[in-house]
Amino acid sequence: MNETDRLVEPQQVDIVYETDMPVTYEVIDQVAWIMLNRPGFNNAQNGQMTYALDDAFIRASADDDVRCIVLGGNGKHFSAGHDIGTPGRDVHQHFENRLMVPGHVNKPAAELLYTREKEQYVGMCRRWRDVAKPTIAMVQGACVAGGLMLAWVCDLIVATDDAFFQDPVNRMGIPGVEYFAHAYELPPRVAKEFLLLGERMSAQRAEQFGMVNKIVSREALRETVAAMAAKLVAQPRLGNWLTKQAINHVEELMGKRNAMDAQYHMHHFAHAQNDLVQGSSIAGLGAKEMAAANKREAGETPADKKQASE
């Protein structure tokens, strides 16, 4: 056996899940409402949540009575990104893989994250983007880094007037999150600004570039999304599927998948470099440090220290 192929003992890490229901699922009037449900941690995404999300998408896909899917988040924020600092952070937790990707917990060095994120981030997101039913992201408050991935896989995005979008991972030396749709959601020069500076983008500015379809107040968010979903429910099922495929195919012709695959390797080169130089794949920047920096740059007081983003 080549020494680089040698498997390792999985790390034993204490994981404390605060809930056994990180995602809620409800069908109302032929619309599946899938809600991120870690409001105490601003819906930070751990593996437990990712697989629960996949279960929910599979359930909605298999149910012929469901004609539209809404993805939202309970609490103040849509999602603060990947979990990099809660007691439920479960990087070293094994789950039964859904894609043709091997398990990650027994892989050495950089291979562990490369394998995990190919399954749980890029693979899952592509799977949800291609679901055969129209999807709507319902975004309030923060939609940061890993949160962007969830919003961007949806066909439509409705945001509140206080929502903001941000990918601050250049602070970690990483060129954007794993589902690299930035230059497809934004004009290239704006995408560079978004990533290089890592600043918050308001819903109003995002709407100017077509990243957001509609902006409403928090009070009107659910009602507005429900009305939009009702219109989609009334449209022909196959027509909805073919239409979204047609637009997704245009993005593929524009090289979206290839661009994402290329960036995925840059992303993991950056993780590996961080590990070699600093002994931490995320440059030693955990939830508190990232949250504090984000709030400082936005001119906020550090009142909420529960979770930042990756």
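This is a predicted model: local features need pLDDT of at least 70, side-chain atom pairs count only at pLDDT 80 or more; totals for chains, interfaces and linings use all residues.

Colleague: How far apart are E9 and V105?

Modeller: In sequence they are 96 residues apart, while in space E9 and V105 are 8.0 Å apart, C-alpha to C-alpha.

Colleague: What about D14, where does that one sit?

Modeller: D14 also belongs to the segment before strand 1, and that strand covers 23-28. With a relative accessible area of 74%, D14 is exposed.

Colleague: Let me zoom out. How many helices and strands are there in the protein chain?

Modeller: The protein chain has 10 helices and 9 strands.

Colleague: And what is the radius of gyration of the protein chain?

Modeller: It is 19 Å, which agrees with the value near 19 Å that a compact globule of 310 residues would have. Along the principal axes, the C-alpha atoms fill a box of roughly 60 × 45 × 40 Å.

Colleague: How much of the chain do buried residues make up?

Modeller: Buried residues make up 52% of the 310. The protein chain exposes about 14,300 Å², and carbon and sulfur atoms supply 55% of that area.

Colleague: What share of the contacts comes from residues 24 or more positions apart?

Modeller: Taking the contacts with a separation of 6 or more, 73% are between residues 24 or more positions apart.

Colleague: And charges? How many positive and negative side chains does it have?

Modeller: There are 32 positive and 40 negative side chains, and the centres of the two sets are 3 Å apart.

Colleague: New topic: rings! How many aromatic pairs does the structure hold?

Modeller: It holds 3 aromatic pairs. One of them is Y51 with F95: the ring centres are 4.7 Å apart and the planes are at 15 degrees, so this pair is stacked.

Colleague: Which parts does that pair tie together?

Modeller: Y51 lies in helix 1 (residues 47-62) and F95 in the loop between strand 3 (68-73) and helix 2 (110-129), so the pair links parts that are 44 residues apart in sequence.

Colleague: Are those two buried or exposed?

Modeller: Y51 counts as buried because its relative accessibility is 5%. F95 counts as buried as well, at 16%, since the limit for buried is under 20%.

Colleague: What about F57 and W128?

Modeller: F57 and W128 form a stacked aromatic pair, with 5.3 Å centre to centre and 15 degrees between the planes. F57 is in helix 1 and W128 in helix 2, so this pair ties together parts 71 residues apart in sequence. Both F57 and W128 are buried.

Colleague: Let's hop to the loops. Where is the place of S281?

Modeller: S281 is in the loop between helix 9 (256-278) and helix 10 (287-297). It is buried, with a relative accessible area of 17%.

Colleague: What is S281 in contact with?

Modeller: Leaving aside neighbours within four places in sequence, S281 is in contact with L113, I174, H271, N274 and D275.

Colleague: And A283, what is its phi?

Modeller: Phi of A283 is near 60 degrees, a positive value in a residue that is not glycine. For background, most residues other than glycine have a negative phi. A283 lies in the loop between helix 9 and helix 10, and at 13% relative accessibility it counts as buried.

Colleague: What about A109?

Modeller: A109 has a positive phi too, of about 50 degrees, although it is not a glycine. A109 lies in the loop between strand 3 and helix 2, and A109 is exposed, with a relative accessible area of 70%.

Colleague: Last one: where does G210 lie?

Modeller: G210 lies in the loop between helix 6 (203-208) and strand 9 (214-216). It is exposed, at 52% relative accessible area. The C-alpha atoms of G210 and L186 are separated by 7.7 Å, with the two residues 24 apart along the chain.

Terms used: Residues are numbered from 1 along each chain as its sequence is written. Side-chain values use heavy atoms; hydrogens and water are left out. Helices (H or I, at least four residues) and strands (E, at least two) are DSSP runs, numbered from the N terminus. The radius of gyration is taken over C-alpha atoms; the globule rule is 2.2 Å times the number of residues to the power 0.38. Buried means under 20% relative accessible area, exposed over 50%, partly exposed in between (1.4 Å probe, protein chains only). Contact means heavy atoms within 4.5 Å. Accessible areas come from the Shrake-Rupley method with a 1.4 Å probe; for residues, only the protein chains shown count as cover. Lys and Arg count as positive and Asp and Glu as negative; His and the chain ends are not counted. The place of a charge is taken as NZ of Lys, CZ of Arg, CG of Asp or CD of Glu. Rings of Phe, Tyr and Trp (its six-membered ring) pair if their centres lie within 6.5 Å; planes under 30 degrees apart count as stacked, over 60 as edge-to-face and the rest as tilted.
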